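Thanks for coming. I have one structure to show today, so please look at the screen.

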Amino acid sequence: MSTDSDDPKVLVSTGWLAAHLNDPDLRIIDATWFLEPGRDARAEYMAAHIPGARFFDIDEIADKRSELPHMAPQPEMFISRMRAMGIGDGHQVVVYDNSPVRSAARVWWTFKLMGKQDVAVLDGGLGKWLAEGREPAFPVTPIQTIGWHKMREPVMNAGIRWYWLKDRMGFAS
């Protein structure tokens with residue numbers, strides 16, 4: 001069941017996602033990433049994820065030219081990786097995680113930075129999905145590559161939305 005607070009450009013509920021799970025233009029992204037050693041986000045994705053989800057590797061989809069970790073990728077790299085994941089123009093993207101660092105918000109911001117408007121974070125992530133008794137998927141979803149033509153939007157605009165999302169999700173400033 002959807003709620004009045006569902007906004008497919010910012011934040012959606014597990015009910016909204018369940019109601020739209022079979023929409024042909026929906027793309028679901030597992031953006032789980034762990035800071036602590038010993039946990040493998042990709043292995044946990046392979047073990048269980050929301051049906052139809054693709055894995056977004058934050059370590060791999062980053063600017064490798066920078067000495068700093070996890071810097072935003074160049075637009076060409078990002079678009080190439082999204083095409084390979086079957087994400088393109090016209091797709092509604094929902095990003096979730098199962099991580100204490102709330103990495104879904106980072107991936108949401110990256111999409112916004114690259115000009116993708118139809119992207120939302122799943123409120124509560126995989127933990128809430130499973131707690132509500134919703135079924136996980138175990139096999140990996142086959143992916144068909146697709147085209148994407150958009151580039152970056154102004155960084156300031158994406159940054160303002162990040163602060164709004166942080167506030168809406170209850171993160172401390």
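Predicted model: local features only at pLDDT ≥ 70, side-chain atom pairs only at ≥ 80, totals over all residues.

Start with strand β5, residues 119–122. On one side of the pairing list is β1, residues 11–12, which pairs with β5 in the parallel sense over two bridges. Leu11 stands opposite Val121 there. β5 also runs parallel to β4, residues 92–96, and three bridges join them. Val93 has Val119 as its bridge partner in β5. Between β4 and β5 the chain passes through helix α4, residues 103–113, and that β-α-β crossover is right-handed.

In soluble globular proteins, nonpolar side chains tend to be buried together. Here the largest nonpolar core has 22 residues, and those touching the most other members are Ile29, Phe56, Met82, Val95, Val107 and Phe111. Which elements give two or more residues to this core? They are α3, residues 75–84, together with β4, α4 and β5. Helix α4 provides the largest share, five residues. There is also a second, separate core of 17 residues, and its members include Val12, Leu17, Val94 and Leu126.

Last, the loops. His70 lies between β3, residues 53–55, and α3. Its phi is near 65 degrees, which is positive in a residue other than glycine. Arg102 sits in the loop between β4 and α4, and phi of Arg102 is also positive, near 55 degrees.

Terms used
Residues numbered from 1 in each chain as written. Heavy atoms only, no water. Pairing = 2+ DSSP bridges. Helix = DSSP H or I, 4+ residues; strand = E, 2+ residues; numbered from the N terminus. Right-handed = clockwise from strand over helix to strand, strands pointing away. Core = buried A, V, L, I, M, F, W, Y, C linked by side-chain atoms within 4.5 Å. Buried < 20%, exposed > 50% of the residue type's maximum accessible area, 1.4 Å probe, protein only.
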